[in-house]
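Student: Could you take me on a close look at the aromatic rings in this model? I would like to see how they pair up.

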Amino acid sequence: MHFDRPFLFDGAFGTYYFSKTGDEAPCELANLTAPQTVLDIHREYAASGCAALKTNTFAANPVSIPDSVRLNEVIAAGWSLAQRAAQENGARVFADIGGICADTAEADYLTVVRHFLELGAQNFLFETLACYQDVQRAVGLIRQSVPDATVIVSFAVSQDGYSRRGLYCRALFDQAESDPQVDAVGLNCSCGPSHMRSLLRALGQRVKPVAAMPNAGYPSSLNGRVFFEDNAGYFAQQLSALYMDGADILGGCCGTTPQHIRCAAAALAAAAARPKGTGQPKPQAASATGAGAPGGGRLGLPRKEIAVELDPPFDHDCSFVLAAASELRACGVDLITVTDSPLSRTRADSLMTAAKIRREAGIEVMPHISCRDKNHIALRAGLLGAAFEGIGRVLIVTGDPPMQAGTRGSDGVYHLSSYDLIAWIHSMNSEVFADAPFLIGGALNVNAANFDAELARAKKKLSLGASMLFTQPIFSDKAVDHFLRARQELKDCRLFAGILPVAGYKNALFLINEVSGIEIPDNVVRSLEGKTPDEAAAISVAYSAGIMRRVYDAADGFYIMTPLKKVNIVRGLIEEIRRYEQ
């Protein structure tokens, strides 16, 4: 695609439809229930001076409309209505396909594209995307079916440049631009025009035409209703500035109306008469999707690194974790890892606890960060605070779901998966934390029944930016074999062997019956029955030391989990490890 002048799309359909009708039902259904209203809105936009109309099909997909027959009807009606309005004004019609948040997204995009191809569509806009991979096959199908089709791919990112999948906008642009089947790449929604302009200017010159379709601004709330202020003049000025900065394809998203587009058309016509600025591209940072992370690979220490896991307190008394951390530092521990409310039992915040340990006990820390019940804002805020405190490592886990069953909202909220969070932090390492990037750790379950699948998960974590893997506790022969196999296949990471010296018989029963991923051989459990605490500690340390010796050569370090605050047991195992190294 080549542009000698700005190419202007229409504005938001959904928010404008709601402002006119008050209808809170999905506006796509109006293609069938209120076709005249849909047609009138398209005509208003077409008359405002835009060169392209989007079909009213943003959320017309199998997730929002599971009935395949009705979905086909909605898409067909949306296509027909947009075509009628465009023919009256000479505008081009783009099949509008909004972002799909579902495990079935790849197949769902293909379904929607097939419907549009059957209708004869030749122009496609994928918008409000969080990643590119989900639409790649659909883009390929378009190009295969209509070689001269126009395909625009547009991402939705927050003001700080990250999508809901945790990918930075530079990485998103790089992914889409690298596909020769894509004609133009851009941003839409989530941001107002000023923030979008800042993000695009930071990206510098791109190899393909750039699309910019910001929201009118940021919404206000009045009496429970969300609305956008009437700022058509300001919006037009900002769209003109976006064009002068290098965007070729312009338009509006949430809150924009025909008046916004009318003002924008006039402003862009004036801007097109002036020489277009190019801006100075900033140096490209490393891609957020590449394998590895700064500081990856073997430490090359003369002895194995030892990390010990401590749980934050349930209350505000942190005296135990501080005393335990100091004691462990004195006996040769290199790193304290701090859990993030395991088993979904609320404990003190892992990042704050880790920071206090680092300051007052004088030992390096690695807080766990779970994906449970935290959105991008909370996660980013926590990471920024961790960076203030000099914390340089984080261990990313999905997080156990809430234990309460059968209640509304009991499944927890997972805005990100562990994959997404690893990729997001790795992206921030190239941008926000470039001077002091985080070392990112992930989990490896050596007790998984399908260890092939678990290894595939581990490889994906490494490809997204993890450089360390910490295993679940190793108890059985099978887990030892899995660890040794992992070492052979996962060569480009530091691999820590997880060891949990159980506190006693009851502790062992609890672990194997109530904690996911723990597998302790029956003979070990039986050997602990009826023993005194000291006898149980001796048996546990001896057995754990045996496991340690079997995996020692393959491990880059050991990850020891403290059982029931029994620091003496951990200390005994550390002594065994250091004796073995002499």
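Tutor: Happy to! Let's begin with what counts as a pair: rings of Phe, Tyr and Trp (its six-membered ring) pair if their centres lie within 6.5 Å. This is a predicted model, and a search of the whole structure turns up 15 aromatic pairs.

Take phenylalanine 116 and phenylalanine 124 to start with. Their centres are 6.5 Å apart and the angle between their planes is 90°, which makes the pair edge-to-face. Both phenylalanine 116 and phenylalanine 124 are buried.

Now turn to phenylalanine 470 and phenylalanine 496. Here the ring centres are 4.5 Å apart and the planes meet at 15°, so this pair is stacked; the cut-off for that word is planes under 30 degrees apart. Phenylalanine 470 belongs to strand β16 (residues 468-471) and phenylalanine 496 to strand β17 (residues 494-499), so the pair ties together parts that are 26 residues apart in sequence. Phenylalanine 470 and phenylalanine 496 are buried too.

Rings can also join into a group: ring pairs link Phe7, Phe9 and Phe94 into a cluster.

The charged end of lysine 304 sits over the ring of tyrosine 552, at 4.8 Å from the ring centre. Likewise, lysine 565 places its charged end over the ring of phenylalanine 320, 5.0 Å from that ring's centre.

Conventions
Residues are numbered from 1 along each chain as its sequence is written. This is a predicted model: local features need pLDDT of at least 70, side-chain atom pairs count only at pLDDT 80 or more; totals for chains, interfaces and linings use all residues. Side-chain values use heavy atoms; hydrogens and water are left out. Rings of Phe, Tyr and Trp (its six-membered ring) pair if their centres lie within 6.5 Å; planes under 30 degrees apart count as stacked, over 60 as edge-to-face and the rest as tilted. Buried means under 20% relative accessible area, exposed over 50%, partly exposed in between (1.4 Å probe, protein chains only). Helices (H or I, at least four residues) and strands (E, at least two) are DSSP runs, numbered from the N terminus. A charge sits over a ring if NZ of Lys or CZ of Arg is within 6 Å of the ring centre and within 35 degrees of the ring normal.
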